[in-house]
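I opened the model today to look up a few strands and how they pair. My notes follow in the order I checked things.

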Amino acid sequence: MNDEEFIIVNNIKYKINLEYEFRKTANVSIKNETINIKLPKLLSKKKKYEIINKFAKWAKKKLLKQKLKPKEIIYKQGEYINTEKKNYVLNFIKKDIKNITGKIVHNNLIINLPKNIKTINTSINKIKISKLIGKLIASDQKTYIENKISKINNRFFNEKINLITIKNMRTRWGSCSSKKNINLSTKLLLVPEYCLDYVIVHEIAHLKQPNHSKKFWIIVENIIPEYKKINKHLKDNGYKYNF
Ligand SMILES: [Zn+2]
């Protein structure tokens with residue numbers, strides 16, 4: 001196992017990140033889509049692999065128990081990918097290329113596949129295609145999302161927002177940073193509009209209150225009184241929203 005290893009659980013790719021420290025015992029933690037393993041600097045190769053394998057097994061077991069099981073997707077030519085805003089038709093084209101690429105033309109979601117790909121739906125290909133589709137649709141709908149954010153911000157907050165990024169986050173709906181950047185998961189392109197609105201309100205509210213304190217939830221509740229229901233819906237059904 002080298003430092004670029006990963007495991008796939010429920011169609012989500014988790015990177016295994018190794019860190020070497022002056023410490024006596026090894027330690028493992030999972031954060032978002034990374035399994036962080038801290039290892040003592042002085043360790044034999046054999047012992048190191050033993051620990052990594054043991055921790056990888058532990059992580060897999062733990063991740064399998066999570067509620068966030070994405071639905072199994074089989075990509076087919078001509079199939080629809082329906083988002084809240086717009087529906088797209090999948091169009092696979094084999095080309096003399098090395099990597100999977102794609103573009104959107106009107107409602108056509110064109111995925112270019114290298115000629116040597118025999119089966120589209122292997123787990124590695126599916127992860128690549130899913131990420132690509134998310135990225136393409138995110139850029140296709142970026143203006144719509146940005147307008148929505150600025151509308152909500154102007155109406156309720158008037159915060160300075162620096163950068164808005166819609167990216168492939170599978171285990172979180174959104175995040176924000178002290179630099180006043182807001183990140184949203186591409187999965188939000190698939191949820192009902194009121195859920196998207198909630199996540200936007202949630203993230204902008206964090207620019208006022210960075211934690212999940214009582215104060216924070218009061219800000220959210222003043223704008224979306226039924227926020228608890230929406231939060232629960234996203235928690236319980238999050239796995240269904242998947243490209
Ligand atoms: Zn939060």
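I started at L18, which sits in strand β2 (residues 12–21). I take helices (H or I, at least four residues) and strands (E, at least two) as DSSP runs, numbered from the N terminus. This is a predicted model, where local features need pLDDT of at least 70, side-chain atom pairs count only at pLDDT 80 or more, and totals for chains, interfaces and linings use all residues. Residues are numbered from 1 along each chain as its sequence is written.

Next I looked up the partner of β2. β2 runs parallel to β4, joined by 7 bridges. I count two strands as paired if DSSP finds at least two bridges between them. E21 has P40 in β4 as its bridge partner.

N27 stands opposite K38 in β4. The hairpin of β3 and β4 has 2 residues between the strands, and N32 takes a positive phi near 50° there.

Then I moved to an open sheet of 4 strands. Which order do its strands take? The order is β5-β6-β8-β7, with mixed pairing. β5 (80–82) and β7 (101–105) are at the edges with a single partner strand each, so one side of each has no neighbour in the sheet. Neighbouring strands here are turned by 30° against each other on average, direction ignored.

β5 and β6 (residues 87–95) run antiparallel, joined by 3 bridges. I81 has Y88 in β6 as its bridge partner. Helix α2 (residues 123–140) packs on this sheet, touching β5, β6, β7 and β8 (108–114), and its direction makes about 35° with that of β7. Contact means C-beta atoms, placed from the backbone, within 7 Å. Axes are lines fitted to C-alpha atoms, for helices over the stretch in contact, and angles run from 0 to 180 degrees between N-to-C directions.

Last, I noted the domains. The chain is divided into domain 1 (6–64) and domain 2 (142–240), with bounds from an automatic or database domain assignment. Their C-alpha centres lie 31 Å apart.

Technical notes:
Contact = placed C-beta atoms within 7 Å.
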